[in-house]
Amino acid sequence: IIAEPPHPMPSQVNQPLPGGYVLNGYRIDKPLSSGGFSIVYLAQDESQTPFAIKEYLPASLALRAEGTEVRIEDEANLSTFRHGLKCFFEEGRALALISHPNVVRVENFFRANETCYMVMQYVRGRTLQFHIQRNRAEFTETFMRRIFIHLMNGLREVHANKLLHLDIKPANIYIAMDGRPVLLDFGAARITLSDEPTKLKPMYTAGFAAPEQYKFEPGRLGPWSDIYSVGATLYTCIAGTPPQAADARLEKDRLIPLRTLARQGYSDELFSIVDACLNLDHLARPQTAFELQKLLMIEPAGAGRRGFFDTLNKPISKFFTK
């Protein structure tokens with residue numbers, strides 16, 4: 001699942017696979033995005049069905065200067081690379097067991113070119129981050145409750161499969177053209193919950209990661225950790241900017257109250273829900289996605305105005321024209 005237009009490719013040493021290259025029956029069209037651990041491509045199968053293919057390629061460990069093969073220049077990095085490769089493959093195996101409209105669908109995963117690939121359903125849409133930047137004035141309470149109630153359905157399925165996401169943020173939530181929120185990119189869970197936590201640095205996004213992620217104690221992580229990230233995402237929808245990073249909050253909590261940042265009227269109940277999710281004490285947060293979902297489903301007293309996004313159950317294709 002990748003937004004259109006694609007995110008810009010950051011400068012990097014690793015070269016993406018060339019357009020036209022056939023990878024295990026999928027024809028690579030073009031790279032769509034690149035991060036520290038992977039490159040995502042738009043590809044098509046023999047029936048011209050589009051897919052997003054994610055390639056495990058940690059820039060700090062592996063090199064592809066040309067061609068297709070991935071090489072490890074430093075032997076000291078080999079065991080770390082192989083451990084990450086194993087985790088990436090296990091992520092694909094776990095996600096392939098989940099079939100839910102609010103979770104990215106993994107269709108296939110395989111090894112090739114000395115690395116590993118994950119084939120995902122391709123859905124046209126925009127990230128929630130895009131909408132926050134372009135359409136935040138339309139983020140009414142009705143819209144946000146609807147989006148996050150549906151998103152909690154997907155997160156409940158993830159947690160039911162004994163998985164955590166650990167990198168929920170607006171850039172990892174897609175709003176498909178049919179109005180459906182889709183949760184994607186479980187890379188942080190792959191690294192943080194590994195059995196060998198010292199080999200790869202934990203991945204987290206400042207402002208969205210729960211405080212227990214910074215302490216890097218996997219035993220303290222749980223559904224409540226994802227709930228913190230959901231709260232931070234809700235906060236960003238309303239404020240337009242993420243909350244203060246959790247590690248800084250642990251030192252000196254300067255979290256700006258949402259009530260002072262909101263451009264429009266929201267209920268006290270919604271503010272209280274976000275505050276609860278962002279509690280530094282994980283035991284004081286909603287403990288499960290279902291618990292948070294139930295809170296979001298309670299109709300607030302004196303609901304705010306309705307906006308265009310309140311019709312999000314209808315197709316919104318006109319929002320995706322280039």
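Biologist: Are phenylalanine 139 and phenylalanine 143 buried or exposed?
Modeller: This is a predicted model, with residues numbered from 1 along each chain as its sequence is written; local features need pLDDT of at least 70, side-chain atom pairs count only at pLDDT 80 or more, and totals for chains, interfaces and linings use all residues. Side-chain values use heavy atoms, leaving out hydrogens and water. Buried means under 20% relative accessible area, exposed over 50% and partly exposed in between (1.4 Å probe, protein chains only). Both phenylalanine 139 and phenylalanine 143 are buried.

Biologist: How many aromatic pairs does the structure hold?
Modeller: Rings of Phe, Tyr and Trp (its six-membered ring) pair if their centres lie within 6.5 Å. Planes under 30 degrees apart count as stacked, over 60 as edge-to-face and the rest as tilted. For the structure, the number of aromatic pairs is 8.

Biologist: What kind of pair do phenylalanine 89 and phenylalanine 109 make?
Modeller: The ring centres of phenylalanine 89 and phenylalanine 109 are 5.0 Å apart. Their planes stand at 75°, so the pair is edge-to-face.

Biologist: Which parts does the pair of phenylalanine 89 and phenylalanine 109 tie together?
Modeller: Helices (H or I, at least four residues) and strands (E, at least two) are DSSP runs, numbered from the N terminus. The two parts are 20 residues apart in sequence. Phenylalanine 89 lies in one and phenylalanine 109 in the other, so the pair ties together helix 1 (residues 78-95) and strand 5 (residues 106-112).

Biologist: Is phenylalanine 89 buried or exposed?
Modeller: Its relative accessibility is 15%. Phenylalanine 89 therefore counts as buried.

Biologist: What is the angle between the planes of phenylalanine 139 and phenylalanine 143?
Modeller: The ring centres of phenylalanine 139 and phenylalanine 143 are 4.9 Å apart. This pair is edge-to-face because the planes stand at 65°.

Biologist: How far is arginine 111 from the ring centre of phenylalanine 89?
Modeller: A charge sits over a ring if NZ of Lys or CZ of Arg is within 6 Å of the ring centre and within 35 degrees of the ring normal. Arginine 111 lies over the face of phenylalanine 89, and its distance from the ring centre is 4.7 Å.

Biologist: Which helices do the buried residues of helix 8 pack against?
Modeller: Helix 8 (residues 268-277) has buried residues Leu270, Phe271, Ile273, Val274 and Cys277. They fall within an arc of 155° seen down the helix axis (taken from the directions from the axis to the C-beta atoms), so they line one face. Contact means heavy atoms within 4.5 Å. The buried residues of helix 8 pack against helix 3 (141-160), helix 6 (223-239) and helix 9 (289-297).
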